[in-house]
Amino acid sequence: MSQTIRKRADIPIEDTWNLADLYVSDEDWEKDLETLKEEGVALAAYNGKLKHAESLYNYLSAMEQADERADRL
């Protein structure tokens, strides 16, 4: 029972998600992807530095923001 994955162009438009609801253009998507990469680097900088409540709060806030961006992407 082998299934093949169809290309989006082969699927009737009424059976696809409206991706414009997420990103108006490919450029906007690419920009968010680059921002997420930068956020990952910033989060990694917290390694070994979560010893105080303020730094933990800042890390968790940044992590939540990056997580929301990743979900959207």
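The model is predicted, so local features are reported only at pLDDT of at least 70 and side-chain atom pairs only at pLDDT 80 or more, whereas totals for chains, interfaces and linings use all residues. Residues are numbered from 1 along each chain as its sequence is written, and side-chain values use heavy atoms, with hydrogens and water left out.

In the segment before H1 lies Gln3, which is exposed with a relative accessible area of 68%; here buried means under 20% relative accessible area, exposed over 50%, and partly exposed in between, with a 1.4 Å probe and protein chains only. Gln3 and Val41 are 38 residues apart in sequence and, C-alpha to C-alpha, 38 Å apart in space. Trp17 also belongs to the segment before H1 and is exposed at 70% relative accessible area. Together with Leu19 and Leu22, Trp17 makes a nonpolar surface patch of about 360 Å². Patches consist of residues with over 30% relative accessible area and no salt bridge, like charges being joined within 9 Å and nonpolar side chains (Val, Leu, Ile, Met, Phe, Trp, Tyr) within 5 Å.

A negative surface patch is formed by Asp26, Glu27, Asp28 and Glu30. Of these residues, Glu30 is found in helix H1, residues 26–44 (helices are DSSP runs of H or I with at least four residues, numbered from the N terminus), and Glu30 is partly exposed at 45%.

The whole structure holds 3 salt bridges, each a side-chain nitrogen of Lys or Arg within 4 Å of a carboxyl oxygen of Asp or Glu. Lys37 and Glu34 meet in one of them, at 3.3 Å from N to O; because these residues are 3 apart in helix H1, about one helical turn separates Lys37 from Glu34. Arg69 forms a salt bridge with Asp32 at 2.7 Å, N to O, and this pair links helix H2 to helix H1 across 37 residues. Arg69 also forms a salt bridge with Glu39, with the closest N and O atoms 3.1 Å apart, and both Arg69 and Glu39 are buried. Through shared partners, Asp32, Glu39 and Arg69 are joined into one network.

There is also 1 aromatic pair, in which Tyr46 and Tyr59 are edge-to-face, 5.4 Å centre to centre with 70 degrees between the planes. Rings of Phe, Tyr and Trp (its six-membered ring) pair if their centres lie within 6.5 Å, and planes over 60 degrees apart count as edge-to-face, under 30 as stacked and the rest as tilted.

Terms used: Areas by Shrake-Rupley, 256 points an atom, 1.4 Å probe, with all protein chains shown as cover. Lys, Arg positive; Asp, Glu negative; His and termini not counted. Charge placed at Lys NZ, Arg CZ, Asp CG, Glu CD. Helix = DSSP H or I, 4+ residues; strand = E, 2+ residues; numbered from the N terminus.
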